[in-house]
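This report describes the fold of a single protein chain, with attention to its sheets, the helices beside them and a few individual residues. Please consult the sequence and structure shown below while reading.

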Amino acid sequence: MKAAAIVAALLPLCHGFQPPRPSSLLRHRAITPLHLAVAPEDVSDKNFDLAVIGAGPVGVSAALLAARAPHSKNVILIDAPRASGALMNEATGEDLSIGGPTGLFSKALRDAGKRISVSSLKGMGLRDDSVWNEIVTSCVELASFNAKDTVRQLEYAGVTYVQGHAAFADSGGSSSLFVTAEDNSISTLTADKILLATGSTPFRPGGIPFDGKRIFDSDSINTLSYLPKSVAITGSGIIAIEFAKIFKNLGSDVTLIIRDNIPRNALMKIGLDKDIAATLVADLARSGIKVERGAQVKKFNVPRDNDKAPITLTLEGRGGSDRPQGAATEIKCDIYLAAVGRKPNTQNLNLPAAGIKCDSYGGIEVDSELKSTASGGNVYGAGDILGRPFLASTGMAQGIGAIQSMFKEDLANESEDDDAEASDDNICIGGEDCTLGAAGENFDPKSLASNPFAFPVGVWSSPEASYYGLSTQQCQEMGIDAGEGVALYAECLRGLVFSPNGQLKLVYDKSNGRILGVHIVGDDACELIHYGMELVKAQRTIDDVLSNLYSAVTFHEMYRIAAMAAVDEVGARKRRAAAGRALTARMRGSTDI
């Protein structure tokens, strides 16, 4: 009794701690309902200027843009949240993910892992279910804040919101939509313009017994109802690494199963610099995450009569080969997650009825104005439904571009100087020939795929990683004599004191010093990259960065340190080596440097 009293007294002192709630209260927490949605029958037989299908960040931002001046259109937003792996409040039917990105749950889990010390709570004697309740409650609160703000904006803009499955009518061309409610009642409406923004769903390889209880994909993991002691994850991309670090930070034993023998290869395929990718992989090992290379799951043994018994995974080599001698052939875990990519969510829309074609990957085909092949020429697409790169940022830019393409006449009174200003964003390589096109001018899939300056990429792992522009390897392939300037986090005061693990790299053209790419791994990398993006877009040089003054005790000091490294490579290597030795000694608790 005395020990219990001590624990009870100490609990309020734990950072981020709130008294644990019973699981049932957590799952049905009485958050204020969102009253925006109207019933499908209330809009039956009505016509709208614009119908947006999908209420993720792409659909919501596009609907708001169209409803506000200068467009001021009559907009309806249609969404089926239960069909999208979204976060739901089952007590109220509230969609907690409206306006939120696909990775909302993982981002909330990541934040909760930073604010809540799982090891401290367990050390105080709390049970796993109480700890998990605390974590999920935090996630629900974060999601609810975003959902309520989204609803507020939609209400103020006058957007009509309906929950239901939307599909093109069999005989209504490309302007007529059927909306099926949860009770299977069907309403019909028409729209002059339609934007498809239904997002994507996880790719599910055959042979995996997904059940949403112990075998998950990257969406169904949202429904996880307990804190697992052990997790096995298949995948080597951004999502797999994000969840691997999240569960490790929450105290789980994590095994990452990667088909490639060299883990960094998959990260390099999405554009990460080789050193940044290697740093992320090294961090996995340093964090205690086990990495099974050149492996895949051959067989799943999931106990059906005992939820607490471990799952047994039988491993084989890539392509069905035998594993090397000494390599693991069996893994036991509480849950398994397949994070092996995503695919456009185009099923159940009855696209052929509207004359809309899809590519071989399932994404709808669009032109440079994001217009589909619809028979009426009135249907556009934006976001994951178009395919890669499956990023919320590019999807929202596509949504803006689609609205502007639809309603060009509303912009007739805008300044005629806009075109001239937009042309200043051209990033040209090799004299006056702009072979890489205009940065951010076109956001259709083909333009994005061919333009390395179209958007920044962020990996929300821990540590974060981000990049914009060209890598040294890409420069070499283009015939550019490129150099690198590298700064370690441990070389700037803020990094040395608070977060020493990480690096920032500037890739530049040796012939003129112009910065062509920025690559970062470490704390706040996804924030720091935007200054680097501006350096590249503004065609700044290494000398420009050296002439700038940066505030003390900020991560931005690394930009100047990296620029200094570019002009003094020998000295920079010595400084990095010294910083590395000091950091190693610090990690080992030694003062002998």
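Predicted model: local features only at pLDDT ≥ 70, side-chain atom pairs only at ≥ 80, totals over all residues.

Strand β18 (residues 335–338) pairs with β12 (residues 230–234) in the parallel sense through 4 bridges. Within this pairing, A232 has Y336 of β18 as its bridge partner, and T234 stands opposite A338 in β18. Strand β18 is also joined to β11 by 3 bridges, and these two strands run parallel. There, the bridge partner of D217 is A338 of β18.

On the α4 side, the contact is made by S106, K107, L109 and R110, and on the α7 side by E242, F243 and I246. By residue class, the contact of α4 with α7 comprises 3 nonpolar, 1 polar and 3 charged residues.

## The antiparallel sheet

Another open sheet consists of 5 strands in the order β21-β22-β25-β24-β23, with antiparallel pairing. Here β21 (457–459) and β23 (482–488) stand at the edges; each has a single partner strand, so one side of each is left without a neighbour in the sheet. Neighbouring strands of this sheet are turned by 10° against each other on average, direction ignored.

Between β24 (residues 503–509) and β25 (residues 515–521), 6 bridges form an antiparallel pairing. In this pairing, V507 stands opposite G517 in β25. Helix α15 (residues 525–537) packs on the sheet and touches β21, β22 (465–469) and β25. The direction of helix α15 makes about 175° with that of β25.

## Selected residues

What is the relative accessibility of A143, and is this residue buried or exposed? A143 lies in helix α6 (residues 128–157). Its relative accessibility is 1%, and because buried means under 20%, A143 counts as buried. The C-alpha atoms of A143 and G100 are separated by 7.9 Å, although these residues are 43 apart along the chain.

S375 is found in the loop between β19 (342–344) and β20 (379–381). At 58% relative accessibility, S375 counts as exposed, since the cut-off for exposed is over 50%. Leaving aside its neighbours within four places in sequence, S375 is in contact with G173, S174, A354 and G355. A distance of 9.8 Å separates the C-alpha atoms of S375 and P352, which are 23 residues apart along the chain.

## Cysteines

How many disulfides does the structure hold? The number is 0. Two cysteines may be described individually. C492 has a relative accessibility of 3% and therefore counts as buried. C526 has a relative accessibility of 6% and likewise counts as buried.

## The chain as a whole

The chain has 18 helices and 25 strands. It contains 593 residues, of which 50% count as buried. Among contacts between residues at least 6 apart in sequence, 66% join residues at least 24 apart.

Terms used. Residues numbered from 1 in each chain as written. Heavy atoms only, no water. Disulfide = S-S within 2.5 Å. Buried < 20%, exposed > 50% of the residue type's maximum accessible area, 1.4 Å probe, protein only. Pairing = 2+ DSSP bridges. Contact = heavy atoms within 4.5 Å. Nonpolar A, V, L, I, M, F, W, Y, C, P; charged D, E, K, R; others polar. Axes fitted to C-alpha atoms, helices over the stretch in contact; angles between N-to-C directions.
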